[in-house]
Amino acid sequence: MTRTKVNLAYIANDSERKSTFKRRKKGLMKKAEELSILCAVDTCAIIFSPYDPEPDVWPSPLEVQRVIAKLRNMSPLEQNRRMMDQKDFIRQQLTRLSEQMAKQQREIRHKEMTNVMFECLKGKGFEYLNMSDLNDLNNLLSQNIRAIERRIKLLEKRHNGGD
């Protein structure tokens, strides 16, 4: 059975909300345990809920206190080394996506200019190209000429070395 996308909204029905809470709490505790085992890291979970007078803790109250004490004994610089708020996270994501988009735009432009180059080789004129297009085409042709020259030198070395 495939999972469906969950609509993240407040569950108005009390019994449904409580059962969802219990199910998800159990899953969260299991994930904390798996993370601890698989990655050999200190993890703990504290969950306050309106359904229980005491918070639920994993793995045990003493272990939670040990992990929190370990965190508090770290310098503020160590504590915050990899932390980021939502603003920083979004800024990081935007930067990453902008870089990906710029890379794709360069690839698209390279393919466009390659197509223009082949059209020119077929005899189609290039008078419809603007200055930017002509500069990009010139760069592409220069790259291709250098690649051809390197290949010729390599083949000449092989040919002369084989005599």
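Which cysteine sulfur is closest to the sulfur of C39, and how far away is it?

Guide: Happy to! One thing before we start: this is a predicted model. The closest cysteine sulfur to that of C39 belongs to C44, and the two sulfurs are 15 Å apart. A disulfide needs the sulfur atoms within 2.5 Å, so 15 Å is too far for a bond. C39 itself counts as partly exposed, at 46% relative accessibility. Another cysteine, C120, is partly exposed too, with a relative accessible area of 22%.

Now let's follow the helix around your cysteine. Helix α1 covers residues 14–39, and K25 sits in this helix. Is K25 buried or exposed? With a relative accessible area of 16%, K25 is buried, because anything under 20% counts that way. Leaving out residues up to four places away in sequence, K25 touches I47, D52 and D56.

Helix α1 also has a share in the ring story. The structure holds 1 aromatic pair. Its partners are F21 and Y51, whose ring centres are 5.3 Å apart and whose planes meet at 50°, so we call the pair tilted. F21 lies in helix α1, while Y51 is in the loop between β1 (45–47) and β2 (56–58), so the pair ties together parts that are 30 residues apart in sequence. As for Y51, a relative accessible area of 26% makes this residue partly exposed.

Let's zoom out for a moment. The chain is divided into domain 1, residues 14–83, and domain 2, residues 88–160. Their C-alpha centres lie 52 Å apart.

Finally, have a look at the nonpolar cores. The largest one has 6 residues: M113, V116, M117, L129, L137 and L140. Helices α4 (86–121) and α5 (131–161) each supply at least two residues of this core, and α4 gives the most, with 3 residues. To picture one member, take V116: not counting residues up to four places away in sequence, V116 touches Y128, L129 and L137. There's also a second, separate core of 5 residues, and M29, A45, I47 and W58 are among them.

Notes:
Residues are numbered from 1 along each chain as its sequence is written. This is a predicted model: local features need pLDDT of at least 70, side-chain atom pairs count only at pLDDT 80 or more; totals for chains, interfaces and linings use all residues. Side-chain values use heavy atoms; hydrogens and water are left out. Helices (H or I, at least four residues) and strands (E, at least two) are DSSP runs, numbered from the N terminus. Buried means under 20% relative accessible area, exposed over 50%, partly exposed in between (1.4 Å probe, protein chains only). Contact means heavy atoms within 4.5 Å. Domain bounds come from an automatic or database domain assignment. Rings of Phe, Tyr and Trp (its six-membered ring) pair if their centres lie within 6.5 Å; planes under 30 degrees apart count as stacked, over 60 as edge-to-face and the rest as tilted. A nonpolar core is a set of buried Ala, Val, Leu, Ile, Met, Phe, Trp, Tyr and Cys residues joined through side-chain atoms within 4.5 Å.
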